[in-house]
Amino acid sequence: MRKGIFGALGIVIFILLSFTPKVGQDLMEVQDPTIEDIVKSYKKAISEWPKPTIDYGVKWKEFAPIQFDSAYFTEQDKPNIILGKMLFFDPKLSQSNQISCSSCHDPEMGWSDRRRVALGNNHLLGNRNTMSLFNIAERQSFFWDGRAKTLEEQASGPLGAHHEMAMDVKTLPAKIQTIKGYTQLFKNAYGDDKVTYDRIVKAIADFQKTIKSQPSRFDRFLEGKHNALTDEEIYGMHVFRTKARCMNCHNGQYLTDESFHNIGLTYYKRKYEDLGLYNVTKKPEDIGKFKTPQLRDLLLTQPWMHNGLFGDLEGIVNIYDSGMHMMDPTPEKKQLDPNYPSADPLLKPLKLTPQEKKALVAFLESLSGTKFKMRRPEFPVE
């Protein structure tokens, strides 16, 4: 009997010893991949890339390259575009004859103004950062709070705003009609020389549709030119897609989900308070939500965020790394004010290492590729 027990025990020990090398081998195989391994995993077709970290229920799109606009110069020669470009740059569309659309959307400054907030009529300050016009034709809504649903509506907003161009839009067509140089431009664009407000904003919108980013090194990488990005930038892209959780909001061809989120910068009941989307919808759940900006040509459009308070990428990475819930209400505040907003649950502490932060910034810098700066036209004579 004892002999049988020891015999069986010996068999068990033999089996365990036999499998020990395999267990050790498995442990070696599940070790974290090196940076070299990660970089290599992206030097292949996009469909074979590691999957990004996406929260349940989030709709997202994979990265896609943009192309050079081969029709750009042909488009610029179209009569409606010529008219729209002239109107866009002409300060006579403002009450003071000093401010044009290009005062805030300057092609020399990434179609923005490099200011914290916009500066308009009588040097009045707005309360939001000027959004760049790069790739504006691809947007599904306009302004930080999405209050405009069409480009024509977006173009008309600043014309009559008292702190922007301050023009009486009812008298604008007659003002433009008196400028002889515009007569032929309207006739070329619309078949007759009648100036109407709808024609003015349509021409401006048509011109804005031609404002597009030029491909960057990031796009060349997406197209298979894998030496277009450095290993650090590729690693940063991996961090962007995974541990940094950026793909939950910044995805697709233009790195935006076209949606609205509260990232904790509404400053509810504080000095810089801005209720964002709530001002449009009046829904309590929209307090503090702002449009997700596209990230194309990022380096040309700073300062960033809806309030323009952030001017360096390292700082932005650091605040996202914190989780962005610093201004969430305490239970006591929430009880006193049920509408007191909390930052989006998509935002979480990231615990990025210094190396990961550096690589992430390097990747973000690779998204800028536009070099061409449009010249201002010569305005029609009176």
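The buried residues of α4 pack against α3 (72–76), α5 (101–104), α8 (180–190) and α9 (197–208), where buried means under 20% relative accessible area, exposed over 50% and partly exposed in between (1.4 Å probe, protein chains only). The model is predicted, so that local features need pLDDT of at least 70 and side-chain atom pairs count only at pLDDT 80 or more, while totals for chains, interfaces and linings use all residues. Residues are numbered from 1 along each chain as its sequence is written, and side-chain values use heavy atoms, with hydrogens and water left out.

**Helix α4**
- Because eight of the 11 residues of α4 (residues 79–89) are buried, this helix is largely enclosed by the rest of the structure.
- The buried residues are Ile81, Leu83, Gly84, Lys85, Met86, Leu87, Phe88 and Phe89.

**Ser112**
- Ser112 is found in the loop between α5 and α6 (151–160), and it counts as buried because its relative accessibility is 1%.
- Apart from neighbours within four places in sequence, Ser112 is in contact (heavy atoms within 4.5 Å) with Cys104, His105, Asp106, Thr130 and Ser132.
- Between the C-alpha atoms of Ser112 and Pro284, which are 172 residues apart along the chain, the separation is 31 Å.

**Positive patch**
- On the surface, Arg114, Arg220, Lys371 and Lys373 gather in a patch of positive charge, a patch being made of residues with over 30% relative accessible area and no salt bridge, with like charges joined within 9 Å and nonpolar side chains (Val, Leu, Ile, Met, Phe, Trp, Tyr) within 5 Å.
- Lys371 lies in the segment after α15 (354–365) and is exposed, with a relative accessible area of 62%.

Methods: Areas by Shrake-Rupley, 256 points an atom, 1.4 Å probe, with all protein chains shown as cover. Salt bridge = Lys/Arg side-chain N within 4 Å of Asp/Glu carboxyl O. Lys, Arg positive; Asp, Glu negative; His and termini not counted. Charge placed at Lys NZ, Arg CZ, Asp CG, Glu CD. Helix = DSSP H or I, 4+ residues; strand = E, 2+ residues; numbered from the N terminus.
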